[in-house]
Amino acid sequence: PACIFCQIAARDIPSTAVFADDELYVFPDIHPQAPVHLLIIPKEHILRSVADMAESQTGLLGRMVFRAKLLAEEQGIADQGYRLVFNVRHHGGQEVDHVHLHLLGGQVLGSLVG
């Protein structure tokens with residue numbers, strides 16, 4: 001597959017799996033913006049971004065968010081707080097056209113919006 005996240009999920013490109021099951025794969029961001037910066041992706045190239053989501057796919061995104069919650073607990077950042085980010089398309093900062101959720105924490109991140 002041409003998609004870098006598909007290649008990572010298929011283990012064609014080496015990465016450190018933080019979590020994997022039949023549906024999701026989680027690995028550290030190659031350019032971390034916080035002490036904990038994980039990417040949560042579906043193994044299958046189901047969506048390019050949240051903007052392409054159909055109502056029938058809300059369960060997938062919900063499972064991604066729930067996995068992020070569990071990972072925040074496992075990483076020891078849940079009590080102090082963390083950030084979950086879906087970047088959507090180019091203007092939203094999305095760099096890879098494979099839906100993915102960022103989990104960031106381990107430091108004070110500051111407010112993005114008031």
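**Exercise 1. State where H98 lies and whether H98 is buried or exposed.**

Step 1. H98 belongs to the loop between β4 (82-85) and β5 (101-105); strands here are DSSP runs of E with at least two residues, and helices are runs of H or I with at least four, numbered from the N terminus.

Step 2. The relative accessible area of H98 is 0%, so H98 is buried (buried: under 20%; exposed: over 50%; partly exposed: in between; 1.4 Å probe, protein chains only).

Step 3. Residues touched by H98 include C3, F5, I41, P42 and H45, with residues up to four places away in sequence left out (contact: heavy atoms within 4.5 Å).

The model is predicted: local features need pLDDT of at least 70 and side-chain atom pairs pLDDT 80 or more, while totals for chains, interfaces and linings use all residues. Residues are numbered from 1 along each chain as its sequence is written, and side-chain values use heavy atoms, without hydrogens and water.

**Exercise 2. Describe how β3 pairs with β5 and with β2.**

Step 1. Five bridges join β3 (residues 36-42) to β5, antiparallel; H37 has L104 as its bridge partner in β5.

Step 2. β2 and β3 are also antiparallel, over five bridges, and F27 stands opposite L39 in β3.

Methods:
Pairing = 2+ DSSP bridges.
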